[in-house]
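Please keep the sequence and the structure in view while reading.

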Amino acid sequence: MTRARLLIALLLVATLGTAGWHGWQLQSRRALVLHHLPPMPELGSQPPVLSESLAEAETLARSWRHAPAGLAEVSRFYHANGFYPEALLCYAGLLKVDPHNARWPHLQACIITNYGRMDEALPLRELAVTLAPNYLPARLRLGDVLLKTNRYAEAAKAYTAALGLAPGDPYALLGLARCDLAAGDWTRAQNRLSEAIAKNPDFIGALSLLVTVSEHLGDSETAEALKTRIGRREFSDLPDPWLDDLADVCFDAYRLSVAAAVANAAGQHDKALELLDRSIALAPGASSYQRQAGQILLNGQDFSRAKQHLEKAVALNPTDSDAWLLLLTALRGLGREQEAVNKLLRGLTHCPQSPSLHLEYARWLKTAGRLDEAIAEFRYGYELRPSDASPLVELAGAYFAVDRNAEAVAALEQALERQPAHPMALATLTFYAISLKDEAEALRRWEQVRRQSKTPPEVVDGLRRAFQQQFGRALP
């Protein structure tokens, strides 16, 4: 054999060997994928688009060249739509065919932690951090698992590492505060939470935990002020792009609405509305998604679009008192006061036991000068929801307007029994003491008022002016 023929023969053998090895690798990967491809579950109650999308992804997963990419797509559809056992099987396969991708252990752990299986989740969380050390949610989630398994020192290290990636991150500071509490260091926890709130004033997680810390340290006034500040708002989980992106392939209206709430809390209002549009398209007969969209639009002062959603909400569910209240706000924002009054009366016919609607009606009666009727409505609104002090405070205002001062003071005192730090109840009693020239009582009440962070600045300024005019000196 000549030298040239020998070289050609060797090259041919090498080429065939490479092709064979590559073919064996493709076959091995495809076999792994097929082994971890779940049987399609019953999807009869799901939108047809889900089964169609899954079928396309499965076809890709069964192919020779693109099997791993197909399995990744299948996993997304199952995870996004709540088919967790199927998603876990997919992730187990992806960990084998794509072992350097941190996304798979991270998402697998997200499901496992929901089942409370922290011991199983921990090595997955650690692997995700190893593979993607700069992905902040991976470090925060690792800290959370360590905290829940009482490994406080290790959890503190994870949260501290997260702060190294994102200085001042509120979730990392919250995690460290929880570690401090586990160690019994309440003062340090208080400082961490105060830092988180200073940088993120609306972070409910830190505000809520600070209530517990303040109560433990004996500062009941701060605790009550924090509760008022929190109101009805709820904690929003940390932003996690790898997890949040699953919403793009979700066809469950409720899950999309939850994702919308998370996006809205993160300041992604357009994204939230986009997700709610999909919820509404999937469940056009549900009023709650229309109401949720209306609320987001109201927050952005888009009264016209909010009105459209809220009118649909009350048409779909006339007993949704929250939607009626939001509709009133939208109409008033548009300057359509009379229409708002008409909607209020109509809402009351459908929701006769709504404390909030009765409170709105009482306010309108008071504004219209129908004080006796307003007093009855304020009182009835309180009876419907006795845990809320606001109707009593406004009832006191109506009593003062008709010179029934003793009853007004009694209503304010009753309000403070319900909410000891209610800022407007305290401020009103302070004004009243000033009007009676009772300097000692005014000063006593003032000390309570100025400790309330939720007292409106204009009310504080009014108290200062009134005291100066009445007693000829400034408030301390």
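Which residues does Tyr115 touch, not counting residues up to four places away in sequence? In this predicted model, Tyr115 touches Tyr84, Pro85 and Leu88 when those neighbours along the chain are set aside.

Two packed helices are described by the angle between their axes and the distance between the axes. For helix α3 (residues 67-80) and helix α4 (residues 84-97), the axes come within 8 Å and cross at roughly 150 degrees. That angle makes α3 roughly antiparallel to α4, since angles over 145 degrees are placed in that class. The crossing in which α3 passes α4 is left-handed.

Helix α16 (residues 287-299) and helix α18 (residues 321-333) pack with their axes 10 Å apart and at an angle of about 30 degrees. The two helices, α16 and α18, are therefore roughly parallel to each other, as angles under 35 degrees count as roughly parallel. The crossing of α16 and α18 is left-handed. Arg291, Gln295 and Leu298 of α16 make the contact together with Asp322, Ala323, Leu326, Thr329 and Ala330 of α18, and the residues of this contact of α16 with α18 divide into four nonpolar, two polar and two charged.

Ala323, one of the α18 residues in that contact, is also touched by Val314, which touches Trp324 and Leu327 as well, not counting residues up to four places away in sequence. Val314 has its place in helix α17 (residues 303-316), and Val314 is buried, with a relative accessible area of 9%. Val314 and Leu365 are 51 residues apart in sequence, and from C-alpha to C-alpha they are 23 Å apart in space.

We now turn to the aromatic rings. A search of the whole structure finds seven aromatic pairs. In one of them, the rings of Tyr135 and Trp242 have centres 3.8 Å apart and planes at 15 degrees, so this pair is stacked. The pair links distant parts of the chain, as Tyr135 is in the loop between α6 (118-131) and α7 (136-148), whereas Trp242 is in helix α13 (residues 241-244), 107 residues apart. Tyr135 counts as buried at 12% relative accessibility, and Trp242 is buried with a relative accessible area of 16%.

Trp242 is also touched by Ala132, which touches Ala102 too, not counting residues up to four places away in sequence. Ala132 lies in the loop between α6 and α7, and at 14% relative accessibility Ala132 counts as buried. Ala132 and Arg404, for their part, are 272 residues apart in sequence and 68 Å apart in space, C-alpha to C-alpha.

Terms used. Residues numbered from 1 in each chain as written. Predicted model: local features only at pLDDT ≥ 70, side-chain atom pairs only at ≥ 80, totals over all residues. Heavy atoms only, no water. Phe/Tyr/Trp six-rings, centres within 6.5 Å; stacked < 30°, edge-to-face > 60°. Helix = DSSP H or I, 4+ residues; strand = E, 2+ residues; numbered from the N terminus. Buried < 20%, exposed > 50% of the residue type's maximum accessible area, 1.4 Å probe, protein only. Axes fitted to C-alpha atoms, helices over the stretch in contact; angles between N-to-C directions. Parallel < 35°, antiparallel > 145°, perpendicular 65-115°, else oblique. Left-handed = near helix turned anticlockwise from the far one by under 90°. Contact = heavy atoms within 4.5 Å. Nonpolar A, V, L, I, M, F, W, Y, C, P; charged D, E, K, R; others polar.
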